[in-house]
Amino acid sequence: MKTKAIRWMVVAIWTTGFMLSPFVQAEGIPLRTLDISLQTGGVLSGKVVTAAGNVQPGLPVVVRAGGEELATTKTDPSGNFQVAGLKGGVVEVAAAGTQGNCRLWAPGTAPPAAQPGLLVVSQDQVVRGQNCGSRVGCGTGVFGGQGGGVLGFMLDHPLVTAGVIGTAIAIPLALDDNDSPATP
């Protein structure tokens with residue numbers, strides 16, 4: 001009887017661990033902070049491009065510090081932007097679906113490695129034809145994803161799939177405890 005209770009406990013813990021694994025968040029990867037030298041008047045200048053190097057006109061660029069929005073602007077037809085009136089310090093710059101940390105330096109105080117401007121490469125995903133990454137098909141998926149249905153979900157979440165398969169094997173094994181006692 002003790003072995004049956006131990007099996008049940010092991011199966012319960014193992015099943016819970018696999019079912020909760022998608023909800024456990026991995027440690028965040030520390031963002032690299034870029035050193036940017038401000039121009040005279042506290043002007044941050046930069047350019048927004050796609051991964052292919054094409055300019056991104058008319059996109060909003062937001063500068064935040066401590067969660068508070070300091071400035072907002074839009075890119076010009078050449079993809080360039082300028083934000084004036086900034087002071088030195090660490091800010092977050094968000095544009096074109098991406099964001100990053102920048103350490104702004106007042107004019108004349110920047111270290112030699114500081115860049116004179118910021119290049120933002122957009123993270124917009126371009127999907128041509130019907131290739132949606134590892135998903136089987138495009139469209140609305142069963143689990144609220146962008147496509148692929150159950151098979152696409154299984155391909156995108158292998159640990160969940162392994163947990164379901166392991167559970168399907170472990171539960172019948174735990175329930176099938178027809179062993180006779182070792183001693184009468």
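This is a predicted model: local features need pLDDT of at least 70, side-chain atom pairs count only at pLDDT 80 or more; totals for chains, interfaces and linings use all residues.

User: What makes Asp35 and Arg103 a salt bridge?

Analyst: A salt bridge needs a side-chain nitrogen of Lys or Arg within 4 Å of a carboxyl oxygen of Asp or Glu. Here the N to O distance is 2.6 Å, so the pair meets the cut-off of 4 Å. Asp35 lies in strand β1 (residues 33–37) and Arg103 in strand β7, 68 residues apart. Strands (E, at least two residues) and helices (H or I, at least four) are DSSP runs, numbered from the N terminus.

User: Why is Arg103 called partly exposed?

Analyst: Buried means under 20% relative accessible area, exposed over 50%, and partly exposed in between (1.4 Å probe, protein chains only). Arg103 has 31%, so it is partly exposed.

User: How many salt bridges does a search of the whole structure find?

Analyst: Two. Arg64 and Glu92 also meet in a salt bridge, at 3.0 Å, N to O. Arg64 is in strand β3 and Glu92 in strand β6, 28 residues apart. Arg64, at 26%, is partly exposed. Glu92, at 23%, is partly exposed too.

User: How do you know that the span of α3 agrees with its length?

Analyst: The expected span is 1.5 Å times one less than the number of residues. For the 18 residues of α3 that gives 26 Å, and the end C-alpha atoms are 26 Å apart, so the two agree. The buried residues of α3 include Val160, Gly163, Ala170 and Ala174.

User: What makes the largest nonpolar core a core?

Analyst: A nonpolar core is a set of buried Ala, Val, Leu, Ile, Met, Phe, Trp, Tyr and Cys residues joined through side-chain atoms within 4.5 Å. The largest has 18 residues, and Leu44, Phe81, Val93 and Leu104 have the most contacts inside it. Strands β2 (44–49), β5 (80–83) and β7 (98–105) are among those that each supply at least two residues of this core. The largest share, three residues, comes from β6.

User: Which residues does Val93 touch?

Analyst: Contact means heavy atoms within 4.5 Å. Leaving out residues up to four places away in sequence, the partners of Val93 include Leu44, Val62, Cys102 and Leu118.

Note on methods
Residues are numbered from 1 along each chain as its sequence is written. Side-chain values use heavy atoms; hydrogens and water are left out.
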